[in-house]
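Please take a moment with the sequence and the structure before reading on. The paragraphs below are meant to be followed with both in view.

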Amino acid sequence: MDTKTSKASLPQEFTKRISDYLYKLLEEAEGKHRHGEGTDAGYRSMIAQLAGELLKESDEPATPLTLSAAKEPAPRLLPAIETRRSARRYVDTPLTGEEVQLLLEAALRAPSSKNKHTTQFVLVEDKATLEELSYMRESGAGFLRQVPLGIVVLGSPMECERWIADASLAAGFIQLQAEAMGLGSCWADVYGCYTGAGQESTEYVRNVLGIPYQLEVLCIIAVGHRERTPEPRPTESLKWEKIHIGRYVAPEEPSEVTEA
């Protein structure tokens, strides 16, 4: 079978619609010309010629695409996975409503145990509240003072015993969606952490946001426009030694050198 490609025709219905549109443009141009508004004769001739060629093509059988023309692209890593890096410095630029909605949709589309979808979210945009939340840990959450949005990720142990996995997946989806939109993000741990005064970070966040005790606070995802975009990590720098094929293989212990 001949796999050489020739120019593939556009779908007949599509070319017919384009030609109809061009003829309409031509009719409008001719009308303006008759009323003395002035249109270039060469322009009108070009439209008429193009419309005629497309109309002729729409009446001819379309050339089917060959196998080589429909060749699937080589698989590659999703760009958002490849480029995502935690951002801890942000510029003072607000997010749009559309951006926030897309982040939330990504969270709600995350996988969940038994399809229960028990993870909940609290959106925090108030600067004073974000600053208060930045003290939920002894250190490591100061970037919350810089961002326009903090998404508090909540789990429900009473509804789902695997709430940590579900909430973590949702938080990861938020970060990947943020990266795909050119935004920066950073995960701030809450669960299992403590404030500088020794208070549980979960209790601290509960008090600030009025979260009921049947819900646990996993983390806060900070989202905003990052101050700079770091380079992706080179593929060869990844810790490939953490991958085990077939079964776990313990790393070799460094041999001790016995002095004589």
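This is a predicted model: local features need pLDDT of at least 70, side-chain atom pairs count only at pLDDT 80 or more; totals for chains, interfaces and linings use all residues.

Residues are numbered from 1 along each chain as its sequence is written, and side-chain values use heavy atoms, with hydrogens and water left out.

Helix 4 has 12 residues and reaches 17 Å from its first C-alpha to its last, close to the 16 Å expected at 1.5 Å a residue, the expected span being 1.5 Å times one less than the number of residues. Its buried residues are E99, V100, L103, A106 and A107, where buried means under 20% relative accessible area, exposed over 50%, and partly exposed in between (1.4 Å probe, protein chains only). An α-helix has 3.6 residues a turn, so residues three or four places apart point the same way. The buried residues of helix 4 pack against strand 1, strand 2 (149-155), helix 6 and strand 4, whereas the face turned away from the buried side carries the exposed residues G97, E98, Q101 and L108.

Side chains of opposite charge can pair when their charged atoms come close. A salt bridge is a side-chain nitrogen of Lys or Arg within 4 Å of a carboxyl oxygen of Asp or Glu, and by this rule the count comes to 6 salt bridges. One of them joins E179 and R226, at 3.0 Å from N to O. Because E179 lies in helix 6 and R226 in the segment after strand 4, the pair ties together parts that are 47 residues apart in sequence. Both E179 and R226 are buried, and E179 touches A80, T83, R84, R85 and R226, not counting residues up to four places away in sequence, a contact meaning heavy atoms within 4.5 Å.

Another salt bridge is formed by the side chains of E227 and R89 (3.1 Å, N to O). Since E227 lies in the segment after strand 4 and R89 in the loop between helix 3 (79-83) and helix 4, this pair ties together parts that are 138 residues apart in sequence. Here E227 is partly exposed, with a relative accessible area of 45%, while R89 is exposed at 53%.

Most residues other than glycine have a negative phi, yet phi of K114 is near 55 degrees and that of N115 is about 60 degrees. K114 counts as exposed at 65% relative accessibility, and N115 is exposed with 59%.

Finally, the segment after strand 4 (216-224) also contains W240, which counts as exposed at 53% relative accessibility. Together with L238, I243 and I245, W240 forms a nonpolar patch on the surface, with about 470 Å² of accessible area together. Patches are made of residues with over 30% relative accessible area and no salt bridge, like charges being joined within 9 Å and nonpolar side chains (Val, Leu, Ile, Met, Phe, Trp, Tyr) within 5 Å; accessible areas come from the Shrake-Rupley method with a 1.4 Å probe, and for residues only the protein chains shown count as cover.

Technical notes
Helices (H or I, at least four residues) and strands (E, at least two) are DSSP runs, numbered from the N terminus.
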